Amino acid sequence: MTTLLALPYWQETGIKLGLALVVIPTTSLILVYLFLFKMMAFMQSRLGPNDTGPYGTLQLIAEAIKFLQKEDIHPAQADRRVFRMAPVVVLASTFLLYVVLPAGPDAVVEDLDTGVFYAMAVSSLSVLGILMAGWASANKYALLGGLRAAGQLIAYELPLILAVMGVVIQAETLNLQGIVEAQATGEIFGFGGIGNPFILTQFLAFLIFMIAAQAELTQTPFDMPVAETELVGGFHVEYTGFRFLLFFMAEFGTAFAFSALASVMFLGGWWIPGFDVDDNILNVLGPGVMLAKILLVAFFIFWVRFTYPRLREDQLQKFAWKVLIPLALANIVLTGIFKVVF
Amino acid sequence: MSELLRSYLTVGIFGVAAIAMAGAMLTIARILRPQRPTPQKLIAYESGVDPVGGDWAQSQIRYYVFAVLFVLFDVEAVFIFPWATRLEIYGTFGLVEMAIFIFILVLGLFYAWRKGVLRWV
């Protein structure tokens with residue numbers, strides 16, 4: 001692959017870090033504005049914020065300033081140090097996810113060989129932060145929420161990893177760029193015009209991945225850890241002001257990152273049919289294509305979120321262990337058979 | 001420094017940057033926000049009712065068996081990943097091997113299922 005710019009390591013990393021610091025908060029802002037504010041409002045037959053700036057676009061800036069000014073309250077009984085660390089751990093987990101997400105042949109922070117594996121490992125770090133928050137708050141609701149979150153996240157981590165395995169078998173690599181290339185150069189029954197987006201050959205894996213991602217992101221119908229009606233906010237009930245905003249940013253940042261993972265692994269990533277995989281122009285067009293695909297995937301995530309009622313905790317566990325995991329295992333074996341036979 | 005170590009150095013830098021960013025924003029917030037704690041404000045929030053019992057409530061960890069199963073399946077996933085990247089080369093032999101491996105694990109899952117531990121009690 002040709003490199004667009006040849007810079008020393010420190011300069012290159014500095015530029016990428018600067019970009020990431022701008023891009024990551026922006027991604028969660030986009031999702032909050034587009035889906036949480038506007039789409040949710042339209043689905044509930046109301047307008048949503050529309051006073052601040054054109055179409056209410058500046059509402060988020062106003063919200064951020066409001067959160068900055070809020071008093072930071074620690075409950076008297078709370079374990080102060082753990083209580084303070086928890087949101088930072090969750091945010092760091094989100095941040096680290098973005099390291100491997102590719103947006104073009106060279107437009108990636110670090111093209112790790114273990115891409116998918118790394119993403120799965122880093123995304124499960126957030127469980128730690130959530131458990132820390134739930135435990136340190138010294139609040140019954142928070143503790144229940146934290147424990148529920150831990151139970152849910154370990155149950156849905158497995159279908160997520162096992163579903164990804166089908167893609168790895170087809171692409172023969174863990175590297176996310178490699179997976180994009182495998183889709184770009186792939187053929188379906190000898191026809192390679194649009195490559196082989198794995199959503200066509202791995203549809204079951206895609207479904208399992210999306211359902212598991214919904215649960216990992218604790219979005220409705222899997223939002224028992226934060227259920228307002230029974231746990232009044234779950235693990236973040238005691239958080240106020242900016243620390244709460246960190247949880248909030250991390251939630252939507254992770255939603256964006258998971259949508260990006262889904263579009264890289266199943267929808268062909270940044271590749272556009274008709275271009276060479278290492279064409280330099282894709283470094284410019286790629287991010288746009290990725291953004292479009294990410295917003296499409298995120299649209300489905302939030303569509304489900306705003307439409308379905310909450311499941312019960314035992315139904316959730318039953319669904320993961322008795323439906324999703326056997327299905328994901330069957331998918332691995334089937335993909336393996338197809339890979340070897342054809 | 002080798003290419004591999006350098007790529008993980010970037011990961012490390014990003015981890016530090018995430019903590020630094022959160023720290024910077026919290027520092028800005030610390031300058032702007034008021035700080036007037038009162039005993040009432042610091043009571044644990046339980047829907048407006050004074051908390052009953054101790055603040056550190058005991059809770060049953062219901063998913064102890066799930067957690068054990070999770071560890072089992074997670075280790076299995078670690079075994080499957082390297083196999084999955086090289087299936088073309090292993091061919092039928094590798095496929096049969098992994099089918100047996102997964103079959104044994106599914107047996108374990110069904111055993112747990114039949115024993116009734118896959119219930120959220």
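A:Glu238 touches A:Ile73, A:Pro75, A:Phe83, A:Ser137, A:Asn139, B:Ala44 and B:Tyr45, leaving out residues up to four places away in sequence; contact here means heavy atoms within 4.5 Å. This residue lies in the loop between α10 and α11 of chain A, where helices (H or I, at least four residues) are DSSP runs numbered from the N terminus. A:Glu238 is buried yet has no salt bridge, and the nearest side chain of opposite charge, A:Lys140, is 9.7 Å away. Buried means under 20% relative accessible area, exposed over 50%, and partly exposed in between (1.4 Å probe, protein chains only). Lys and Arg count as positive and Asp and Glu as negative, while His and the chain ends are not counted. A salt bridge is a side-chain nitrogen of Lys or Arg within 4 Å of a carboxyl oxygen of Asp or Glu. The side chain of A:Glu238 does make a polar contact, at 2.6 Å, with the side chain of A:Asn139. A polar contact is a pair of N or O atoms within 3.5 Å; within protein, one must be able to donate a hydrogen and the other to accept it, and residues adjacent in sequence count only if both atoms are side-chain atoms.

The model is predicted: local features need pLDDT of at least 70, side-chain atom pairs count only at pLDDT 80 or more, and totals for chains, interfaces and linings use all residues. Residues are numbered from 1 along each chain as its sequence is written, chains are lettered from A and ligands numbered from 1 in the order in which they are written, and side-chain values use heavy atoms, with hydrogens and water left out.

Between the two chains, 66 residues of chain B are in contact with 74 residues of chain A. Together the chains bury about 6600 Å², 76% of it on carbon and sulfur atoms; buried area is the accessible area (1.4 Å probe) that two parts lose on being put together, summed over both. One salt bridge is counted between chain B and chain A. It joins A:Asp72 to B:Arg33, with the closest N and O atoms 3.7 Å apart. On chain B, α1 (3-32), α2 (64-85) and α3 (87-115) each supply at least two residues of the side that touches chain A. The most comes from α1(B), with 20 residues. That side of chain B divides into 44 nonpolar, 11 polar and 11 charged residues. Ala, Val, Leu, Ile, Met, Phe, Trp, Tyr, Cys and Pro count as nonpolar, Asp, Glu, Lys and Arg as charged, and the others, Gly among them, as polar.

A:Asp72 is also one of the contacts of A:Arg243, together with A:His74, A:Arg84, A:Pro87 and B:Leu26, when neighbours within four places in sequence are left aside. A:Arg243 belongs to helix α11 (residues 241-266) of chain A and, at 5% relative accessibility, counts as buried.

Elsewhere in chain A, seven of the nine residues of helix α4 (residues 115-123) are buried, so this helix is largely enclosed by the rest of the structure. Among them are A:Val116, A:Tyr118 and A:Met120.

Two loop residues of chain A have positive phi values. A:Ser45, although not a glycine, has a phi of about 55°; this residue is in the loop between α1 (9-43) and α2 (59-69) and is exposed, with a relative accessible area of 72%. A:Thr218, also a residue other than glycine, has a phi near 45°. A:Thr218 is placed in the loop between α9 (203-216) and α10 (228-231) and is buried, with a relative accessible area of 12%.
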